[in-house]
Structures are given as structure tokens and as C-alpha cells.
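Subject: Structure for you to look at

Hello,

Here is the structure I said I would pass on. Please open it first, then read the notes below with it on screen.

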Amino acid sequence: MILQPSSRLSIGFGIGLALRRQHSRPAEHVALQASRHDEATNISAPAKHSPQNSRVAHMNMANAVHSALEAAMELEPKSCVFGEDVAFGGVFRCTVGLQSRFGKNRCFNTPLSEQGIVGFGIGLAAMGWKAICEIQFADYIYPAFDQMVNEAAKYRYRSGGMYNVGGLTLRAPYGAVGHGGAYHSQSPESFFCHVPGLKVVIPSSPMEAKGLLLASIFEPDPVVFFEPKMMYRTSAEDVPTGSFTIPLGKARVISTGQDITLVGWGQQVVVLMEAAKLAKQEGVSCEIIDLRTLQPWDRETVIASVEKTGRLLVSHEAPLTGGFGAELVAEVTKKAFTSLLSPPVRVCGMDTPFPLVLESIYLPSALRVLEAIKSSVLY
Amino acid sequence: MLGHIVHRGLAAGGFVAQHTSVLPALSQRLFASRPSDDKVVSVEVAPFAVHKINAPSRHVETNVGELSEMYKMMYKMRRMEIAADMQYKSKMIRGFCHLYDGQEAVLTGIEAAITKEDSLITSYRDHCHNLTRGGNVANTMAELFGRATGATRGLGGSMHMYNKAQKFYGGNGIVGAQIPLGAGIAFAHKYRKEPNVCVTMYGDGAANQGQKYESMNIAALWEIPCIYVCENNHYGMGTAEWRSAKSPSYYTRGDYIPGIKADGMDVLAVKQVTAYAKQYALEVGPIILELDTYRYHGHSMSDPGSTYHTGFEINFVVLPRNP
């Protein structure tokens, strides 16, 4: 009834849920969609193996997030969704109808205090609830940064496992949107990747968003879930209407190639695909990896890919210096040094505050990525 | 309210827009009978609500010249914001655009009570602040369009306009971030022994930010001449104040810092209370002004405002108070 797809899926999901509750470390996840996502799947192709009797709906990312939140609130009665303006549906319509369906005690507005929102969420999660808090734009997350770093990330460790805030999920729209300027476009993911105790997850399509968000909510560790706001409306595909999860810590190989490995996340994955298409015309075959989870990131998949291709390109919107690309490059260089045919390269946003009218110059466009691919291949 | 005063203070028809060329003789006659700028006008404004301080006098003396300057400024602000609205809808202005229409009397009244040696800092709803602090409609609109001729060379956009020469510190994107900055600026005035204050403007949404309380504690402790102005337009983005604040009496929330609440749609009340506050700030320390106002648009151009500004509100509560 609640889980519309097949009983096998619903039982499997229930098992996964029960396993989670018993162990403090994430149990072997019963990821029923895992096999589908391990394959090289084109991002825009329809699902190859849908669960039996599942129904799909054409959803954009905002719909998919909404669908995940609704499913989570159904599955877990002790869950709350809160943040600024979420009651009327939120500024991106991700929380429409949640208050009328689940009541004011489970979906409610907060005052304009990010530190308060997250601190409150940490307390709720420490009591065993699923606290799904929303920060309206990732640019506003910094007042809450202390709570995330010093409280959420360290609670389990410093209490010797007595308490934990695994039920905390912090959602925030991030990334460039075309006209956001300095305070509606930032990509702060690397700050959170630097904090042991937190997980950082970024989807790159509606299907990914729903599966990863459900996984994040039920993950027994606090997760920061950044949603690429550009994709709320521009990215749409068929997504199962029932519950499903995508494993955290596992990257997705979007397309296989021989000459260079391109790694990205969120909206940047679309840019990498464009660049790969252009590169193909020049005879370069690219392997594209969507990292999905940044912390902990899927070392095996990326390193295996670089050992095959010999070249690495990482691309993200966030500024170059200190961006998460640096971490990937350092680790891959160490582990796959003898396989490298050229120095790993990062194509990123510039080391300036996010501009207003100069956005198209600032962002790592497909042409900049292509240029870097070519210079890597010609090294 | 101002319209009523203007009508009372002037000879009939003194401010009729002379756009009809049909009756030149009539217009000549009207100009000839226009009152002089220094004709004094006395007004009694609505009572103030006070917290730990005596109220200023309700009796305000002004003159025709000042009233006409205020009217011109507010009218210019209104026309500019409406023009920005139209340009945004035609996609000539992109990005975020937070309009100030409905709140003009707040800024006009404040500027009438202070000088350009006093500092001013506010949030992202700052187009009109650029007008009063050395800018003009052309460079404000240019900044909105992202042109290099704009107030901040096209680099700031709608939310970030500044003017160093006239001590306007912006133009700040993060809600409430300007409040501690305002205390710091005011401290610099005191340190340099200048007879100046910093007017630190924020909204009812920002009133729940932790950094506001940190700033107020410091300002009160060190007796900093900071005038905290809460422009209460009753909505933080889409959330009404009664949903977000346990106490919507923002003028009392400074606790040990005195506060005065005035009608933000009445430019003379705003001027009166600001002048009083400046005197207090220079002699004693920080003070909070809560100015009750309303924004006709949504929070920004991306927000229609229709989900929370009800028709009833607009027709029966707000329009009669149009500054």
C-alpha cells in the first residue's frame, strides 16, 4: 500500500531499514536498484530494469525530491521536514502539500535563523528522529556551519557512541542557476567534505535525486545533501513513484571510454557529457563518472577507470583552489601514479566570488573542459 | 498621509502635474499662486510606542520646501522601483531584484533626519538607498542591468550598491549580516570622536538572526552610537511575522536597549523619531527603531507574494496607508 512497487522491493527495503536500525555502521545495503546503476547507463535513457509492477512518473528534480520526502515521511512516522518557507511548498516547490498531508507537527516553517534550524535538527536527531532540515540556499549555510562541524559531525565520536545524529539530513539547493550572483549560486560542498563525521551527497538527475535522498535520510550518519538548483526544472525523466534507494559511497559510470576519465557531480555532469560529445568528434573517447557521494567517495571506481584510461579530469563549479577536485587528484595520483599518461587536470570555477553578469565566463563550460581534454590527450 | 498634508499645506492645485498643454493660461495662474517653500506646516503624528525611553513629541514642524523634496524623492523611488519591476518582467534585468515600493517613507524620513556624514547600512533591498546616497536613477538602473556604468560597475547588481563618499555601506546579501557591521561602523565614528551615528537597517526576518543579539550586546556594552532600524514589513520572504517571531514587538527585543515604534508609512513620524534617536545615540548609546511598513511586491521578483499577501490585506490595510 505505502510502497507501491513489488512486494519484493518493499520487503527488501524494509530489511534494509531494519538492518540500519540495528547497526551503528551502515549495514550491507539492500540496494535493489544497484544492479541497474552499476551498468554504464546513459543519463537520459529510460530505466532498463524497472522493479516489477513499479509505476513511473515523469518528474523533474523538484518533483523527485518532493516524492522522496513524501515517501520518507510515510515510511518513518518520527520524521520532520522543516526550514524557511517550507510550509507553503518552499521556494522551489519541493515541499508542496507535505504540511497538509502530515500535519503542522511534522512539516513546519522555522524563523530566519540557519544556526537555529540546524541546531534544532541536531537535537531532534539526537533523540532518534529523522530531522530533514532545509537551508533555503546553500549560500546561507554558513551560520549553521559551526553546528554541523562541531556538533553534528562529532556527536557520535565524542559520546563514545552513546548518542548520534544519524537521523539528520541537511538539504540545500546549490550551484549556478544562470542569474544567481554571489549569494544564490555558491557551491560549498568542499567545506563539508573536510569534516570527518559528515557525508556529502550530490545527485545529478531526478532519479538520482530521489534514490540518493531516500538513502541519505535513512543513512545512520548525518548527510549534507546538495541539490543542483539548475536541475530542479531543467532535468526531467521517468522516475518510479515508489520508494527506492541508491547506495551512498558508490559512483556511477555514465559512459565508458578509453582515453580519459572525466569526473564530476551535480549539474556539472551534464557539462561533462556535452564536452565528451564534442571530444568524440575529435576522436577522443571519454569515460564519464558521476561521483554521487563526495564523502566518502568511491575510490575503487575512479581509480580503476584511471588505470584503464591513464588520464583524469575533474570538473566542478566551485572555485579551483581547495575545491574537492584537489582531493580526488591527490588520491588518484598516489594510487594510480604509474598508470598516468598525463598530469591530472581540474577544470573549475575561478578563484573569485561568484560573479553576476560574468557567470558564463566564470563557470567551467563544455568548451573549457574540451580544451583541457585535448591538452591532456596531447600531453 | 502625506498626500493629506500636502493638500492642506498648499494652495489648491499647486502640485498638479502640468502635462496638459491645453490650458497654458491656467497653469501660469497656478504657478503664480504657489506658496513659498518656507511656509511652515505643523502636523501631529500618530503616537509612538516606547520601550525604556520617553517618546519624542508628536508635534512635527516642517515646511513646504521640505515636504516637496520628500515627496519628490518618494515619488522618484516609487517610479524607479515600478520601472525596475517592468524591466525585470521583460527580462532586461536578471538575477535577483528586491523592490522597495511601499517602504519609501522609511528611508526618506531617515535621510531627512540625518546627514551624509552619518553612515548607512542596509540589506539587499537597497535600490533606493543608492538614490539617497549619491546615486541617481540612471546608475541604479544601470547596475540592475549589469552595466559597467552602474553604481558598483555592474559587479554588484541589485543587492550590492555602495557609495564610499557618502558613507553608504551597502547593499548586503545575507540576511542580518549587516547588523554587526553597523555596530562596527558606529564604533569607528565614536573612536574618531565624530558627532555621527550609523543607521543599521534590517527587516523583521533578520530580527531572528543570532548575530543581531550579539551585535546589540556589544553595542550596549560599549555604548556605540548605532541606530538599529527594523523595517517591519511583516513578512520574512513568505513567512508572516506571527509565524516566525515569538515577540513581534521588535522595538522591545533589545531588552536593555531602548526602542521606539513608529508608523513607517508616515515620513514625518519617521523623521521625528530618527532625529530623536540620533540625539540619544550620540549622548547615550544604541537604540532600536521599529518602523511599521509594508512592501507591495513579494520578497523579490521571483516571489509573486500572492501566496501570502492576501487581497484583503492589500485593499483594506495597506492601500489606505500608501506613503
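Does A:Ala57 count as buried, partly exposed or exposed? A:Ala57 counts as partly exposed because its relative accessibility is 26%, and buried would need a value under 20%. Keep in mind throughout that this is a predicted model. A:Ala57 belongs to strand 1 of chain A, which covers residues 56-60. In sequence, A:Ala57 and A:Glu237 are 180 residues apart, yet in space their C-alpha atoms are 8.0 Å apart.

A second pair of this kind involves A:Val223. This residue sits in strand 7 of chain A. With a relative accessible area of 0%, A:Val223 is buried. Between A:Val223 and A:Gln295 there are 9.3 Å from C-alpha to C-alpha, and in sequence the two are 72 residues apart.

Salt bridges

Over all chains, the count comes to 28 salt bridges.

A:Glu219 has 5% relative accessibility, so it counts as buried. A:Lys199 also counts as buried, because its relative accessibility is 12%. Both residues are part of a network of salt bridges that links A:Arg156, A:Lys199, A:Glu219 and A:Asp221.

B:Glu111 counts as buried because its relative accessibility is 9%.

What about the rest of helix 4 of chain B: how many of its ten residues are buried? Nine of the ten are, and the helix is mostly covered. Among the buried ones are B:Val106, B:Leu107 and B:Ile110, and also B:Glu104 and B:Glu111.

B:Lys167 counts as buried because its relative accessibility is 18%, and the limit for buried is under 20%. B:Glu117, at 45% relative accessibility, counts as partly exposed.

A nonpolar patch

On the surface, a nonpolar patch is formed by A:Met350, A:Val357, A:Leu358, A:Ile361 and B:Leu155. Together these residues have about 440 Å² of accessible area. A:Leu358 is located in the loop between strand 14 (345-349) and helix 14 (359-362) of chain A. Its relative accessibility is 38%, so A:Leu358 counts as partly exposed.

Cavities and a pocket

Rolling a probe the size of a water molecule over the atoms shows where empty space is left. In this structure there are seven cavities of 30 Å³ or more. The largest cavity has a volume of about 90 Å³. It is lined by 15 residues, and the closest to its centre are A:Leu356, B:Phe96, B:Gly156, B:Gly157 and B:Ser158. The lining of the largest cavity consists of six nonpolar, seven polar and two charged residues.

The second largest pocket has a volume of about 650 Å³. Its lining has 34 residues, with A:Tyr142, A:Ser187, A:Phe191, A:Ala318 and A:Pro319 the closest to the centre. Three elements of chain A give two or more residues to this lining: helix 8 (189-193), strand 13 (312-319) and helix 13 (324-335). By class, the lining of the second largest pocket has 18 nonpolar, 13 polar and three charged residues.

Regards

Key: Residues numbered from 1 in each chain as written. Chains lettered and ligands numbered in written order. Predicted model: local features only at pLDDT ≥ 70, side-chain atom pairs only at ≥ 80, totals over all residues. Heavy atoms only, no water. Patch = residues over 30% accessible without salt bridge, like charges linked within 9 Å, V, L, I, M, F, W, Y side chains within 5 Å. Areas by Shrake-Rupley, 256 points an atom, 1.4 Å probe, with all protein chains shown as cover. Salt bridge = Lys/Arg side-chain N within 4 Å of Asp/Glu carboxyl O. Helix = DSSP H or I, 4+ residues; strand = E, 2+ residues; numbered from the N terminus. Buried < 20%, exposed > 50% of the residue type's maximum accessible area, 1.4 Å probe, protein only. 1 Å grid on protein atoms, 1.4 Å probe; cavity = no way out; pocket = protein on both sides within 12 Å on 5 of 7 lines; lining within 4 Å. Points joined across faces, edges and corners; volume = space filled by probe spheres on them. Nonpolar A, V, L, I, M, F, W, Y, C, P; charged D, E, K, R; others polar.
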